[in-house]
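This briefing covers a multi-chain model, topic by topic. Please have the sequence and the 3D view open while reading.

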Amino acid sequence: MNTHLLPASPAASSSGRPELSTTKRPPRGWFARQYRQRMLRTDLLTVIAWSSVAAAIALWLADGGATNITSPASLFTAAGIVAGLAGMDLVLLMLLLAARIPFIDRTIGHDRALEFHGKLGKPSLYLLLAHGVLLAIGYGMAEGLDPVSESINLWVQVPDMWLAFVSMALFIAVVVTSLVAVRRRFPYEFWYVVHLLTYAAVATSIPHQFSVGGLFAAGTWQRWYWLSICIYTGSALVYFRILEPVLATARHQLTVARVERVAPGVVNIVMRGRKLNQLAGTGGRFFIWRFLAPGMWWHPHPFSLSAEPVFSGSDGQGTLRVTVRGLGNGSAQLLRLRKGTKVALEGPYGLLSTAARTKNKMVMIGAGIGITPLRALLETTPFAPGEATVLLRGHTEQELYLGSEILDLCQARGGRLFHLIGPRSRTQSTWLPEDAVRNGYSLTSYVPDIADADVYVCGPAVWAANVIADAGKAGVPEEQIHHERFDW
Amino acid sequence: MQQTSDANAATSTLKARTFQCMGTVIGLTMPVDSPTEGQPGFDELGAATAVVERLFRDLDETFSLYRPDSEASKLARGDVKLPQASVQMRERYAEAHEWRLRTEGAFTPERPDGVLDLSGIIKGHAIREAGTSLLALGRRDWCLNAGGDVLVSGSPRPGSAEPWKAGVVDPADRRTLITGYALGGTNRHAAIATSGSAERGEHIWRVGNDGEFIQVSVAAADIVTADVLATAIVAGGTRMLNRAADHWDVAVLAIRADGSMLATPGFQSS
Amino acid sequence: MKIRGTVAAALASAGILLAGWQTGTQAGGISTVASSTTAAGTTGSTGTGSSGTGSSGTGPTGSTGSSGSTGSAGSSSSSGSSGSTSSSGSSNSSASGTYKGNTVQTRFGPVQVQITVASGKITDVTALQLTNTDGKSIQISNRAAPLLRSKVLAAQSANIQTVSGATITSDAYLTSLQAAIDAANL
């Protein structure tokens with residue numbers, strides 16, 4: 001076991017190393033205020049989300065819907081309509097959550113946004129199913145038909161309804177294939193393509209919303225509201241998921257400059273581009289990269305920069321670097337990227353950055369390739385000497401990727417650095433090496449005042465979960481733990 | 001036996017001939033040239049009627065359950081099985097069965113005692129065939145009425161757009177009319193059929209309702225549709241009425257025992 | 001912090017729902033003409049209509065009475081038909097005349113109805129303009145409506161060339177109207 005305990009020393013820069021920005025620690029309380037503002041934004045999002053569902057139902061109430069409930073048939077029909085309104089609203093919320101809207105990303109982070117997106121899947125499907133079933137029952141009761149005959153009637157007689165049935169089928173397909181149990185059995189690409197059917201599902205559901213039934217008939221203000229939110233959602237999707245990345249790619253004109261081997265299976269991919277000043281300060285956040293080479297262009301890679309951009313000329317020209325491990329189908333090809341390959345990028349996304357900080361002190365705990373975003377964060381996030389601690393975990397010294405760079409940074413900025421090397425502990429705290437645990441070390445041994453610090457954790461999912469559990473036990477409140485999930 | 005009559009008219013003269021068949025009276029009315037032209041016009045009507053009569057009698061020979069030697073009776077007795085029956089029998093059976101599906105059982109060729117009774121569709125079929133024959137003969141303007149089911153072509157005043165006008169009897173008083181309906185001319189409906197329990201209606205088997213309508217008239221583009229739907233609505237009540245109105249281009253007048261009426265827009269004065 | 005968000009969201013949602021509810025109940029005014037709809041004879045339909053007014057009015061085919069066609073009323077009520085169908089000011093139950101109702105929404109589209117009132121009773125209901133002219137509204141407009149004797153297309157024996165009635169026997173024919181026409185041949 002190797003442990004380097006560096007004395008806190010004033011930040012000093014020496015020649016040969018990249019010029020560090022003099023990121024002085026901001027005034028006391030600044031991070032706390034940042035945190036409060038972020039929480040307010042989170043609450044705002046919560047209010048907007050719930051209010052939109054309420055508004056959808058209120059549209060129907062304002063139209064006198066509730067006063068029309070005078071019989072069992074009309075009760076079923078009313079319930080069916082309300083279910084449809086709420087269901088569609090949830091679908092729109094889901095789309096917005098997946099649209100990568102910057103406001104949402106810097107408030108709750110992209111991974112949490114997708115988590116909510118996933119959580120809304122089943123409720124929205126149930127509501128849409130209820131919509132269909134209850135209306136078939138309600139309309140059927142009013143006409144003296146059983147629900148199945150009524151459904152057939154609707155399909156055959158009412159225009160746009162067959163599209164609605166198609167839409168229902170597509171929604172079911174999308175949600176079923178997204179169930180974890182089903183998802184595991186198919187390759188990711190298959191699931192992704194089926195998931196894209198969501199757009200088709202939403203598109204085929206829209207005509208009947210505006211042409212059948214009276215709530216959104218031409219001339220009603222409800223129609224305007226519904227149209228607006230549909231258009232807004234569509235625009236957000238188009239702008240943030242398609243247009244912005246296209247603009248960013250065109251703006252930066254990145255090409256692969258070189259691929260350097262860092263360790264077995266791990267490389268630095270250095271890309272050249274321009275206007276990179278706009279990408280400065282994004283340490284810790286991730287971009288989605290597409291290397292435009294045959295066979296690779298359709299594979300999106302979420303990587304963080306592993307260092308700040310290095311500028312070499314005017315107009316923000318310079319290089320970017322990502323450090324990646326060549327695992328998995330798509331990544332193995334990365335090891336053999338050719339120079340000059342164009343690169344498309346989307347982002348930055350994610351909350352594993354300075355924006356998430358709530359305290360003055362911070363701790364960064366990384367393992368494996370998860371070390372690399374922390375390396376970039378370390379370069380730019382403001383802290384005073386002695387207020388930052390870095391823990392790097394690996395089986396061997398070689399696995400502490402970019403270890404020397406991190407050492408330099410800590411020396412320069414006054415951060416504490418620990419290398420935790422060796423086989424995994426078998427007992428509790430399995431995130432620590434065996435030796436450390438045997439010698440009685442725990443998280444608080446390395447960072448005694450961890451409860452007062454922001455803790456950034458980055459590494460394999462199971463390992464990270466273990467770290468987080470330990471941090472919780474050490475008294476770190478949940479809002480101070482920052483961890484990005486990459487398995488979405 | 002044919003009966004004929006003349007009439008006084010301004011320009012063209014409507015003449016009619018009738019004959020008995022299928023237990024009822026069938027009449028063919030046609031505008032003929034004014035009497036000054038004499039016999040030729042008169043003979044045309046005679047010839048046309050002969051063709052129609054021949055057609056009806058042939059069908060009656062095969063399908064009448066009142067003749068012990070008809071194929072239908074043989075089928076009913078079991079002397080002949082349906083797969084061995086004539087092509088015509090099987091075709092009509094298939095057609096009747098298709099209507100049974102379309103009306104969800106309100107119209108059915110099966111009697112409650114299991115005997116196959118195609119009389120509900122044979123009369124309409126006969127009229128249809130007669131109409132085709134008349135058109136083949138070159139007769140463009142005529143009105144064929146078989147026991148209350150009417151099919152028309154052209155106009156009572158040849159060359160004009162004037163429609164044929166059919167009256168609908170009042171079930172409460174057979175000698176008066178309750179309303180009328182315009183057939184042919186510019187109207188897309190050329191046929192009207194009336195079904196009712198007021199008179200001979202053996203082929204209407206009640207379908208689970210209490211005989212809501214006592215008389216139903218249906219106007220449609222073809223006579224078989226009108227005939228079958230009229231029968232089906234008497235048997236099936238309001239549900240069948242709505243189904244008919246929804247799925248076919250028809251005009252319906254339905255009369256209840258208490259005299260109240262339901263009518264689709266075609267029968268309503270606008 | 002989470003609690004604050006949840007509470008705020010709940011309050012906001014409740015407020016919005018309340019606002020919607022208020023707007024909805026204010027929009028539907030029920031006039032006495034309409035209430036006489038439920039009392040009047042022609043409407044036998046119970047229940048499936050919207051607040052009474054909807055049922056007779058919005059069924060573009062007068063879904064009153066006949067059990068089958070209440071479908072259109074039921075569906076129109078559920079798709080938020082806007083309250084009363086009688087728009088005219090006079091809500092005196094002894095008023096007579098013809099009233100054009102509001103355009104109401106049915107699942108096939110907007111429909112405007114006209115009701116005729118005599119001595120405080122609805123005597124006729126007609127679907128007026130069906131504001132769409134595509135297939136779906138024509139289809140529903142073909143439904144049967146109650147027909148008053150006075151409103152039938154007038155027919156006199158002198159005007160017709162043929163008579164349609166339930167099939168009669170050859171004997172009955174002899175005393176029938178058709179026989180008279182055939183004999184006189186117009």
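How many bridges join strand β11 (residues 453–458) of chain A to β12(A), and do they run parallel or antiparallel? Three bridges join them, and the two strands run parallel. This is a predicted model, in which local features need pLDDT of at least 70, side-chain atom pairs count only at pLDDT 80 or more, and totals for chains, interfaces and linings use all residues. Residues are numbered from 1 along each chain as its sequence is written, while chains are lettered from A and ligands numbered from 1 in the order in which they are written.

**Confidence**

- The predictor gives the complex an ipTM of 0.82 and a pTM of 0.58.
- Chain A has a mean pLDDT (the predictor's confidence in each residue, from 0 to 100) of 86, with 93% of its residues at 70 or more.
- Residues 1–21 of chain A stay under 50 in pLDDT; the model has 38 contacts beyond four places in sequence for them, a contact being two residues whose C-beta atoms, placed from the backbone, lie within 7 Å.
- Chain C averages a pLDDT of 58, and 32% of its residues score at least 70.
- Helices (H or I, at least four residues) and strands (E, at least two) are DSSP runs, numbered from the N terminus.
- Two stretches of chain C have pLDDT under 50: residues 29–94, with 229 contacts beyond four places in sequence, and residues 129–139, with 19 such contacts.
- Where pLDDT is low, the predicted coordinates should not be read in detail.

**Parallel sheet of chain A**

- Five strands make an open sheet with parallel pairing, in the order β10-β9-β8-β11-β12; two strands pair if DSSP finds at least two bridges between them.
- β10 (416–421) and β12 (481–483) of chain A stand at the edges with a single partner strand each, so one side of each has no neighbour in the sheet.
- From one strand to the next, the twist averages 15°.
- Val455(A) has Ile481(A) in β12(A) as its bridge partner.
- Helix α13(A) lies across β9 (388–394) and β10 of chain A, and runs at about 165° to β9(A).

**Antiparallel sheet of chain A**

- Seven strands form an open sheet with antiparallel pairing, in the order β4-β3-β7-β1-β2-β6-β5.
- The edges are β4 (301–304) and β5 (310–311) of chain A; each has a single partner strand, so one side of each is left without a neighbour in the sheet.
- Strand β2 (residues 266–273) and strand β6 (residues 318–325) of chain A run antiparallel and are joined by eight bridges.
- Asn268(A) stands opposite Thr323(A) in β6(A).

**Backbone details in chain A**

- A cis peptide bond, with omega near 5°, links Gly347(A) to Pro348(A), and Pro348(A) lies in strand β7 (residues 342–349).
- Gln253(A) is not a glycine, yet has a positive phi of about 45°; Gln253(A) lies in the loop between α10 (221–252) and β1 (254–263) of chain A.

**Helix packing**

- Axes are lines fitted to C-alpha atoms, for helices over the stretch in contact, and angles run from 0 to 180 degrees between N-to-C directions.
- Helices α7 (residues 161–178) and α9 (residues 188–211) of chain A pack at about 155°, with axes 8 Å apart.
- α7(A) and α9(A) are therefore roughly antiparallel; angles under 35 degrees count as roughly parallel, over 145 as roughly antiparallel, 65 to 115 as roughly perpendicular and the rest as oblique.
- The contact of α7(A) with α9(A) has 14 nonpolar, eight polar and no charged residues; Ala, Val, Leu, Ile, Met, Phe, Trp, Tyr, Cys and Pro count as nonpolar, Asp, Glu, Lys and Arg as charged, and the others, Gly among them, as polar.
- Helices α12 (residues 371–380) and α13 (residues 403–413) of chain A pack at about 20°, with axes 10 Å apart, which makes α12(A) roughly parallel to α13(A).
- Arg375(A), Leu378(A) and Glu379(A) in α12(A) meet Glu405(A), Ile406(A) and Leu409(A) in α13(A), a contact of three nonpolar, no polar and three charged residues.
- Helices α4 (residues 119–136) and α5 (residues 223–247) of chain B pack at about 160°, with axes 8 Å apart, and are therefore roughly antiparallel.
- The contact of α4(B) with α5(B) divides into five nonpolar, four polar and three charged residues.
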